[in-house]
Every structure is written in structure tokens, then in C-alpha cells.
Amino acid sequence: MEKHIIAKIDGVEITTAHYENFLRQLNPQLRDYYNKKGFSKEILDELISQQLLVIDAREKGYDKNEDFIEVLKATEDSLLMTYALGKTLENIEVSEDEIKKYYEENKEHFNQGPTVSASHILVETEEEANSIFKEVNVDNFAEIAKEKSSCPSSANGGNLGEFSQGQMVPEFDEKVFSMNVGEISEPVKTQFGYHIIKLDDKHEELDFDKIKGSVESELKGRKEQETYVNKIKELSVKHKVEVINIQES
């Protein structure tokens, strides 16, 4: 992107590149705010203030102080190390075939047991639950849930979405995972009240498309770690490393 000069202090230029770099360092909310606002005089004023401090520091010779030079060298080394690591890892990719192969080899790791999709109607009393159970069926379940359930899920016809074992309270969990698809349970008592549960779907293992991103991230992380370890081994052979004066604690 072409740089444009937006201010000068004693001939020292402040450019759009400085402005954009300042924006990148803001938290996402502030960055969005200023991006929507357009060019900000507030940010320019802050850049001018910072540059005035830099000019003053150089005039006082702070940039020649030994303690500053030590900090600068440490910062430079840290930035260079981070940049070098990025260059080492930048071309690491994982193919579709590699992702699927890794998933097949590690299914137990990624599939933490079966999952179900269920809906429920929640009421306070057993009497009310028994009354609803007598009239509810697969066809009218959602409508009755909207009318009578005290759970916020009532807005969606009682739909709780998909979840795995252990995410619900024990009594609910035990019942729903023992049901067949399309079945409606008798009232189940929990600490929240009485639930009438309808099992909408059951999956013995998670659908690959739903966890593909996690599989890809883990596989790529492993390849990056392997590349890093191999790079350090290569450099350790190339350069003479001496460990001196280690004191055991």
C-alpha cells in the first residue's frame, strides 16, 4: 500500500503506514470503531505526541544509554526469533487426505462418545407433567413446548440442539441416552423440575464435517512442532553450543 505523509515534526515524517500500524495494535473493538469512523484526528494527535517524545529522548541522548541499548538488543533478538520461526513454519500445510487419515487413526480421541439431539418440555409440578404427557405426541410436541414449557428453549419448540454425554444433569442425561429416536419419555424429575423429553436424533460418533477444523488444527500443530524440533536439531549440529556453570538447585 502506498504511503502518504500525514504530518512532519522538524522534518521527521509521520505516514499512513504509522497510522495503520497504530490501528493494528488496538484491541478489536477500538480498531473497528476507528475503521468505521474513518481518518481520526485523535490517532494522529497520539502519533505526534509519541514522535515528540522520541525526538526529545534522542536529543537527551537516551538512545546512547547502555541500559537502553541492552533492552533494544534483547527486543531485537526476540522479534527476529519470532520472525524466523514464522518463516520456518509458514509453508506448512495439511491436505484433505492427511486430515482424513489422521482422523481415522485417532477417532477415539476426537469422538467422545455418542451425541444426541433432543427437545423437552419443562414444568414445575409432577401433576402438570403427567397431564402434558397424556396429550403430547411427536406432531404436537413443539407447539405444546412453546405454550407450556418454562425453559428458554420453549421459543424453539423445546429444541436443545445436539449435545454429548455428561453435558446435562445426571437424571436427564441417563434418560435421554437410553431412548430411541422419535420416543417421548415419561416425566423425568431433576433439580429444575419435571422434563418430558423427545429424542430427535442420535449419533454414535460425531460427524466428520463438524470436527474437521479441530482435526486440521491439531494435525497442523503436530507438523509445526515436528518441523521446529527438526530445525533446532539441525542448528545444534551446525553451531557449537556450550553450556557453562549450571548449578543444580
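This is a predicted model: local features need pLDDT of at least 70, side-chain atom pairs count only at pLDDT 80 or more; totals for chains, interfaces and linings use all residues.
Leaving out residues up to four places away in sequence, Lys-198 touches Ser-117, Ala-118, Ser-119, Val-138, Phe-141, Met-179, Glu-183 and Ile-184. The lysine sits in strand 6, which runs over residues 193-203. With a relative accessibility of 13%, Lys-198 counts as buried, because the cut-off for that label is under 20%.

UniProt, in an unreviewed entry, places the feature "domain: PpiC" at residues 113-201. That span is 28% helix and 30% strand, and its end C-alpha atoms lie 15 Å apart. As for the overall layout, the chain divides into domain 1 (5-64) and domain 2 (112-203), and the C-alpha centres of these two domains lie 57 Å apart.

Turning to the other end of the chain, the largest nonpolar core is made of 12 residues: Ala-7, Ile-9, Ile-14, Tyr-19, Phe-22, Leu-23, Leu-26, Tyr-34, Ile-43, Leu-44, Leu-47 and Ile-55. At least two residues of this core come from each of strand 1, helix 1 (16-24) and helix 3 (41-59), with helix 3 giving the largest share, four residues. Phe-22, one of the core residues, is in contact with Ile-43, Glu-46, Leu-47 and Gln-50 once its neighbours within four places in sequence are set aside.

Helix 3 itself is 19 residues long and reaches 27 Å from first C-alpha to last, close to the 27 Å expected at 1.5 Å a residue. Its buried residues are Ile-43, Leu-44, Leu-47, Gln-51 and Ile-55. These cover an arc of only 115 degrees around the axis, so they end up on the same side of helix 3. The general rule behind such patterns is that an α-helix has 3.6 residues a turn, so residues three or four places apart point the same way. As for partners, the buried residues of helix 3 pack against strand 1, strand 2, helix 1 and helix 2 (28-37).

Asp-10 lies in the loop that links strand 1 (5-9) and strand 2 (12-15). Although Asp-10 is not a glycine, it has a positive phi of about 50 degrees. Its relative accessibility is 72%, so Asp-10 counts as exposed, whereas Lys-198 counts as buried.

How values were computed: Residues are numbered from 1 along each chain as its sequence is written. Side-chain values use heavy atoms; hydrogens and water are left out. UniProt positions are given in the numbering used here, feature names are shortened, and annotations may be inferred rather than shown by experiment. Buried means under 20% relative accessible area, exposed over 50%, partly exposed in between (1.4 Å probe, protein chains only). A nonpolar core is a set of buried Ala, Val, Leu, Ile, Met, Phe, Trp, Tyr and Cys residues joined through side-chain atoms within 4.5 Å. Contact means heavy atoms within 4.5 Å. Domain bounds come from an automatic or database domain assignment. The expected span of a helix is 1.5 Å times one less than its number of residues. The arc is that of the directions from the helix axis to the C-beta atoms.
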